Amino acid sequence: MFLLWLIGGGFIKKIWNFFVSICVIVTLLFVAIMYIPHLFGIKTYVVTSGSMEPQIPVGSLIYVEKVDPLNIEVGDAITFYLKDTNIVATHQVYEVDTTNRLFRTQGINNFDEDGKILHDAEPVYYNFLIGKMKFCIPLLGNVNRFCTTAPGCYILMSAVVVVVVISIIVDLMPQPETARKGKITDKENNT
């Protein structure tokens with residue numbers, strides 16, 4: 001009797017529809033958080049090292065806006081290319097040298113043996129500047145990194161297929177008796 005109520009009463013269908021709705025909302029939010037900023041010229045990067053913790057935790061997604069180098073101030077977190085590489089880093093500015101058109105930076109979690117913050121060995125020239133960090137969302141970088149790997153893509157595609165198949169099965173389940181009677185009554189009233 002209970003099993004008939006679960007299947008025939010539409011309970012499973014209601015639970016499944018709720019679950020699918022939550023999945024769609026979460027997916028739309030994730031897509032919005034990831035891609036809408038790009039429409040406004042803001043780039044996103046995943047933090048892979050702990051050099052800026054606790055301000056920027058490992059696994060965070062940072063949002064970086066292109067700015068004029070003259071608008072960078074001491075204390076700003078800037079994102080830049082390391083000299084002569086395609087490697088991107090985000091560190092705090094501790095000195096701005098407008099004469100030589102460069103910044104001196106530091107990772108606020110990089111300490112020497114005396115407990116003082118280590119300054120980066122190489123300065124950041126203006127032409128290596130990508131932009132200034134606007135904000136970060138902790139842990140979202142891990143999600144981004146996972147979704148953009150081959151295994152992550154396969155798992156996500158498989159999950160979509162499973163949801164579609166289960167949705168079809170749930171839609172084929174028998175309708176509740178009251179709903180069927182209501183449809184028959186409606187058809188009889190229309191004739």
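Author: The largest pocket holds about 510 Å³ of space. A pocket here is an open set of points on a 1 Å grid over the protein atoms alone, where a 1.4 Å probe fits and protein lies on both sides within 12 Å along at least five of seven lines; lining residues have an atom within 4 Å of a point. Grid points are joined across faces, edges and corners, and the volume is the space filled by probe spheres set on the points. Of the 19 residues that line the largest pocket, Cys23, Thr27, Phe30, Leu156 and Val160 are the closest to its centre.

This is a predicted model, in which local features need pLDDT of at least 70 and side-chain atom pairs count only at pLDDT 80 or more, while totals for chains, interfaces and linings use all residues. Residues are numbered from 1 along each chain as its sequence is written, and side-chain values use heavy atoms, with hydrogens and water left out.

Helix H2 gives the largest share of the lining of the largest pocket, 10 residues. H2, H3 and H4 each supply at least two residues of that lining. Helices (H or I, at least four residues) and strands (E, at least two) are DSSP runs, numbered from the N terminus. By class, the lining has 16 nonpolar, three polar and no charged residues; Ala, Val, Leu, Ile, Met, Phe, Trp, Tyr, Cys and Pro count as nonpolar, Asp, Glu, Lys and Arg as charged, and the others, Gly among them, as polar.

In H3, residues 140-147, the buried residues are Leu140, Gly141, Asn144 and Cys147. Buried means under 20% relative accessible area, exposed over 50% and partly exposed in between, with a 1.4 Å probe and protein chains only. An α-helix has 3.6 residues a turn, so residues three or four places apart point the same way. The cover over the buried residues of H3 includes helix H2 (11-39), strand S1 (42-46), strand S2 (61-65), strand S8 (129-137) and helix H4 (150-172); contact means heavy atoms within 4.5 Å.

The second largest pocket has a volume of about 230 Å³. Of its 14 lining residues, the closest to its centre are Val47, Thr48, Val88, Ala89 and Thr90. S1 and strand S4 (88-97) are the elements that give two or more residues to this lining, and S4 provides the largest share, four residues. The lining of the second largest pocket has eight nonpolar, six polar and no charged residues.

The chain as a whole gives the setting. Its secondary structure comes to five helices and eight strands, and from the N terminus on the elements run α-α-β-β-β-β-β-β-β-β-α-α-α. Of its 191 residues, 28% count as buried. Among contacts between residues at least 6 apart in sequence, 56% join residues at least 24 apart.

Gln106 has its place in strand S5, residues 102-111, and counts as buried because its relative accessibility is 8%. The side chain of Gln106 makes a polar contact with the side chain of His119 at 3.0 Å. A polar contact is a pair of N or O atoms within 3.5 Å; within protein, one must be able to donate a hydrogen and the other to accept it, and residues adjacent in sequence count only if both atoms are side-chain atoms.
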